[in-house]
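Morning. Please have a look at the structure before I start.

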Protein chains: 2
Amino acid sequence: MLKEVVEKSGDVSSKVIDFKHPKELQKLINLSLEDRGVTDDTLLQCCEQIIQYSVKTGHPHFFNQLFSGLDRYGLAGSWLTEVLNTSQYTYEVAPVFTLMEQVVLGEMCKVVGFKNGDGIFCPGGSVSNICGLNVARFKKFPAVKAQGMQALPKLCIFTSEQSHYSMKKGAALIGLGLDNVRLVPCDSRGKMDTEALGKLTEQAKAEGFTPYLVNATGGTTVLGAYDPIVEIADICEKYDMWLHVDVCWGGGALLSAKHRALLDGIERADSVAWNPHKMMGAPLQCCAFLTKETGILQQAHSANASYLFQQDKFYDVSYDTGDKSLQCGRKVDVLKVWMMWKAKGHAGFEAKINNAFAMAGYLTEKLKTLDGFRLINPEPECTNVCFWFIPPSMRGEEEDAAWWQKLGKVAPNIKEQMVMKGTMMIGYQPLGDKVNFFRVVVSNEKLTTADMDFIIDEIAGCGQNL
Amino acid sequence: MLKEVVEKSGDVSSKVIDFKHPKELQKLINLSLEDRGVTDDTLLQCCEQIIQYSVKTGHPHFFNQLFSGLDRYGLAGSWLTEVLNTSQYTYEVAPVFTLMEQVVLGEMCKVVGFKNGDGIFCPGGSVSNICGLNVARFKKFPAVKAQGMQALPKLCIFTSEQSHYSMKKGAALIGLGLDNVRLVPCDSRGKMDTEALGKLTEQAKAEGFTPYLVNATGGTTVLGAYDPIVEIADICEKYDMWLHVDVCWGGGALLSAKHRALLDGIERADSVAWNPHKMMGAPLQCCAFLTKETGILQQAHSANASYLFQQDKFYDVSYDTGDKSLQCGRKVDVLKVWMMWKAKGHAGFEAKINNAFAMAGYLTEKLKTLDGFRLINPEPECTNVCFWFIPPSMRGEEEDAAWWQKLGKVAPNIKEQMVMKGTMMIGYQPLGDKVNFFRVVVSNEKLTTADMDFIIDEIAGCGQNL
């Protein structure tokens, strides 16, 4: 059964999704839990239904999120992880995975340009970003750990208005508050306006705030924009702010000689969040948080639990990584990406990433030549391709407020049609004053120009008579 | 290969661990990542080594952590999860798992006694506890979300001195500060002294603090003590404090008619953290955070990202759960425990949990009859059995400071011997003024009295000549 799912994942002719509305789906699968268990046969039937109605995220026409594809080495790594079912907190219970984390995190630090960096795998990029907020705060104001925020001056941080929402979630969580996340405007391509950043920093200081961190994004969620890290690093140096760089999505470009210039200056970061489960194609979840300074993670997060991190163990306890983490038990996330890296080498990742960029470039150029498609950003930097589809009936009309309002309903309508047919999944969203547009995320390594052509034909087909 | 691991996991005659010190292990396995990938044969050899040197946490003689065992339904669920590789944030990409979470969390709420409860799966019990701290703070002081801690009065929380260290980690993270976690003393069995809690609350108020939360533990990490929830709930009501109950470890008792009285009063909690990956035996990670009030999770954690939680989707978006979470992408953790629950029914879990309690009881009673074993707590409540082994050479001697200091070295020594032989893994730790003692955690459902006898014989054997 599992083999069939794997095979179907790569099969363009199968459905991406067999969509049912929640109330229908509740009737189709008997999910209820009872006093007595069911037979193995019944359970297998349930499994078949679970598979049938789940999204095939490995399908070449799944463009809905920043992850896609199903790598066989990654999958083998994840199955092996499950069978060895352990927690990553101590060397004692995870000897191989502890060393493996050192190797993979070390390699990632090297790629970023951290000479003596440190790091940890986190359950999601948001948690990595939250680690960045917390470690930076501790570094600048160590008293916060014991005394809390009330012992500190008024703090604020900067992030671009198009950066990931985890900065806000994190600020709310760590007691900084949403109001103290100051949003820096972006240019038309979605890149942070660094002149504005400088001004906002001065302004915050004049208002009596201590700005302690800037978050730069390498590959924004919607447009795939890369903030200018070098300029941001200069400003961080000038005002003594921690530079956190969120390359959860766009970090894969670091592995490509052709595209790594997008992240020039990342070696000047103090911390980096980078998710191998996105552009690198590792199975979910696989998210690294890296710091330039070694030891700071441990200092910021340690609680020295004596039942777990006994100092009188018979092996070198400096290998126990658990106190670096915000978690206690921690899922083993490293084996999946290690398997892929070992099997493919840097060269394999580079080829995958170059292909994604090439396919996104092909789609972008083709869209420019077609009636009815309008790119949001004619020169995308990452592999996000964002565009409106303008149905024939709306072409050549005056583009007044009513026209735009109508256009904002096109993408949701086409998406519904595609999902109900099961042909393709693509995200859409509004952005600032721009009404709903499609965002194709090119990430699956198996994509070809035929898949890109399919996107165009399918959208044009569904939108023909709107 | 995977099958072999599964089979060996249940085989008492195989090694729990083939231990190598970090530097040795680094030489044995070639973990390095290169420009070119390796062949599939080389990779398979690596996998064999990974398996060989990893801890067999499913082995009946793995008593080292609060998890143990390898359930075949759980494993099937985890493999299926991996192959369907999706994220739990929206119904759109996780339709089946969204409904499944509703069912399982609903069932867990019902078991706890929450009539209209709500919940979410978190990456580890520590994150659940952190959610408790954060949601409670938001409920009492909604301004914190926008304005941060500096807009609030001086806060503090209470937790017992034997509670889990994630309360401290969480307090440091959310900007409350370690100093504002006030530790309530425990009685000799490790249960919170509620008279002291009342006094400490009065004292904190007199000092100008606002105590906003009490954490009660159901199954402490070391001794397995259950705090008296009813008395704590009375105090929480009196002083308007949020009651969070951490049953990450001991929550399984709720599923047993025989043992659920240990958690009397839990229905009065405002939030509960409960890990099915511990006593219930689900694979790692599987951790539920439950709240009595519906909607509060969403209010506390939402960031309303318009690219992900579009309100104009064609289905009922109230099914999108992502904004309840501190995370964005979220691993699917529910299928593993659902598979087990569906296959075994409540009755299956009850039998498993009753067996664990029975085995712990057997071990406890037997230890009482033996020379050289001394229980830390002669009447343990949960399935933790904690004891010193006193080697023959130390028996009958005067128990002065030097004697105790010497005894503190016995458990580490015996543990090293057992690990090097690969016969058994058991944790040890000091606690307060008590020197290092063994903590056997009985959790694996396959355990028999023969395994309990083995614990005694193996420890006595290793400690014979110390």
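Over all chains, this structure holds 33 aromatic pairs, meaning rings of Phe, Tyr or Trp (its six-membered ring) with centres within 6.5 Å; planes under 30 degrees apart are stacked, over 60 edge-to-face, and the rest tilted. Tyr91(A) and Tyr315(A) are a tilted pair, because their planes stand at 50°, with ring centres 5.4 Å apart. Tyr91(A) is in the loop between α4 and α5 of chain A, and Tyr315(A) in the loop between α11 and α12, so the pair ties together parts 224 residues apart in sequence. Helices here are DSSP runs (H or I, at least four residues), numbered from the N terminus.

A caution: this is a predicted model, where local features need pLDDT of at least 70 and side-chain atom pairs pLDDT 80 or more, while totals for chains, interfaces and linings use all residues. Residues are numbered from 1 along each chain as written, chains are lettered from A in the order written, and side-chain values use heavy atoms, without hydrogens or water.

Now the two chains. One aromatic cluster is formed by Phe19(A) with Tyr91(B), Phe314(B), Tyr315(B) and Tyr319(B). The contact (heavy atoms within 4.5 Å) takes 137 residues from chain A and 137 from chain B.

How many salt bridges are there between chain A and chain B? Six, where a side-chain nitrogen of Lys or Arg lies within 4 Å of a carboxyl oxygen of Asp or Glu. One joins Lys169(A) to Asp323(B), at 3.5 Å from N to O.

Definitions and conventions
Helix = DSSP H or I, 4+ residues; strand = E, 2+ residues; numbered from the N terminus.
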